[in-house]
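Reader: I would like to go through some labels in this structure. Please set each one against its definition.

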Amino acid sequence: MQKASNSRGNSCRWLPGGRRLLALLCPLLLLCTFTIFTLSSNISYPSLLFAAKEAKDVCNGKPGLLPSSSSSVLHSQIFGLQAQVGALLQQLHNDSLTGSKTLSAFSDQLLRIAVSLDKVAGSLSNPSGSSLAATEMSQVDEDLTEPTDDENEEESTGRVKSFTSGQVHNYISPKPNRQNGKKNFLGMEAITPAVGFGCVHMATHLDRFMSYKMYGMCPDDWDVAQRLILNGCDPLPRRLCFSRASPSYSNPIPLMNSSLWTPPSDSNIMWSHYKCKSYACLVSGEANRRGFFKCAYCFNLTKRGWEVATNESISAEFTIDEVLKLRSGEIRVGLDFSPTTGTFAALMRERSVTIASATLNLGAPFSEVIALRGLLPLYVSVGTRLPFFDNTLDIVHSVLFLDGWIGVELLRFVLFDWDRVLRPRGLLWVDRFFCKKEDMKMYLDEFGRLGYKKLLWRVVPKTDKLGDELFFSAVLEKPTRT
């Protein structure tokens, strides 16, 4: 009798809360299943990030529509179920850290139901969406292998694959507030984490990025993350692992002029994904053959730039003091969007102006060097909406970034986002934009459409190559729009 009793007790021990939680889960699962089965016969499913293949159209290609009143009621009921399932998933996830395989399997089953509920809710909001089947999920450990040919093909063709990483599914599922049904200070009953649209076209790469051991050390894979960002998977999901640092990391140089102009210690940079393995390599004459491009000389911190006046007839450069005099005392905070190690920001800091330096690690540790100089690196791509509120920056500067590679359509989105974050009468400093002579008018027309006032303007020949290109520099004032 005692043995039988223990057996019955153990049967529920794998569930948190024992029989009481089991009593709650069983009717909830039945209700979720019944709801999904009932609605799936009447409405179609939208496209999901989870899905890989298209489902057949219903009703000869015309998805069935629910009356608006019924849709509203069902949407409310489904949201309640989503909140309850989300809370259970969170509790199961916390308890699964103990390593129970049975609990993990049950959590996966419940997560599939949560995914189906998301599909139903999405169908009510977007009944014209196409129906896609949810795919199987699996928990995977970190993967440090190189991308395969299939992964590269996926990137080039835009072919959509399903996510298999359990952490991807865990991340993008709604996160209900602790007090179910009550809104938080943001006015939300649950928070839905964001991922970039491009992630769906790079599912294999994202799965690799999200394959790691929870509460362990993150893989040394910033290069995978940057590839995702550059291909539109931006923002990336957060990860539940600890970032790596150089094993011999030492305290940086104190924040004074010495930190701004002293090359950082090799021990404070992880060199594993760079061809150069020391700072001396970065500033050597062979730097351009070492795998990075766009401002190789930036790592030579003795080249200060923007301080010596140049001949207007042959140079497109303006000096910082020349620009700051245009708005004396008004330039306080701004953005430098350039391939940079922070030299422009350092010079501005010496003049009591705070500059965030937006860049990527283009084959070299640009971001690390900016931070080690005591400056602020902003790690964003050209396709990213800037993380600044409207009308907040005094100046936006860009050099060696905008040039003839950029298409007009992309340029418009970039310029309008810069316009968004610039305050009225703020300054846009376009520094040495270059392109073919025959293309210059096309680009100048785009800058002209902003309606900015021309404060400084210079177009000169670019003579370092074939002589068929022009440099364009300008300081433009944003108008006051009401």
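Reader: Why is threonine 343 called buried?
Author: Its relative accessibility is 8%. Buried means under 20% relative accessible area, exposed means over 50%, and partly exposed is in between (1.4 Å probe, protein chains only). At 8%, threonine 343 therefore counts as buried. This is a predicted model: local features need pLDDT of at least 70, side-chain atom pairs count only at pLDDT 80 or more, and totals for chains, interfaces and linings use all residues. Residues are numbered from 1 along each chain as its sequence is written, and side-chain values use heavy atoms, with hydrogens and water left out.

Reader: Where is threonine 343 placed, and what is it in contact with?
Author: Threonine 343 is in helix H12, residues 343-349. Helices (H or I, at least four residues) and strands (E, at least two) are DSSP runs, numbered from the N terminus. Leaving aside neighbours within four places in sequence, its contacts include Trp261, Cys298 and Arg373. Contact means heavy atoms within 4.5 Å.

Reader: What makes glycine 232 partly exposed?
Author: Its relative accessible area is 33%. Glycine 232 is in the loop between helix H8 (222-230) and helix H9 (257-261). Its C-alpha atom is separated by 6.6 Å from that of phenylalanine 197, 35 residues apart along the chain.

Reader: Which peptide bond is cis, from aspartate 234 or to another residue?
Author: The bond from aspartate 234 to proline 235 is cis, with omega near 15°. Most peptide bonds are trans. Proline 235 also lies in the loop between H8 and H9.

Reader: How do you know that the buried residues of H15 are on the same side?
Author: In helix H15 (residues 440-448), Met440, Tyr443, Glu446 and Phe447 are buried. They cover an arc of only 125° around the axis, which puts them on the same side of H15. The arc is that of the directions from the helix axis to the C-beta atoms. Exposed Lys441 and Gly448 are on the face turned away from the buried side.

Reader: Why is leucine 400 called buried?
Author: Its relative accessibility is 18%. This is under 20%, so leucine 400 counts as buried. Leucine 400 has a positive phi of about 60° although it is not a glycine.

Reader: What is asparagine 391 called at 42% relative accessibility?
Author: Asparagine 391 counts as partly exposed. Its phi is positive too, about 55°.
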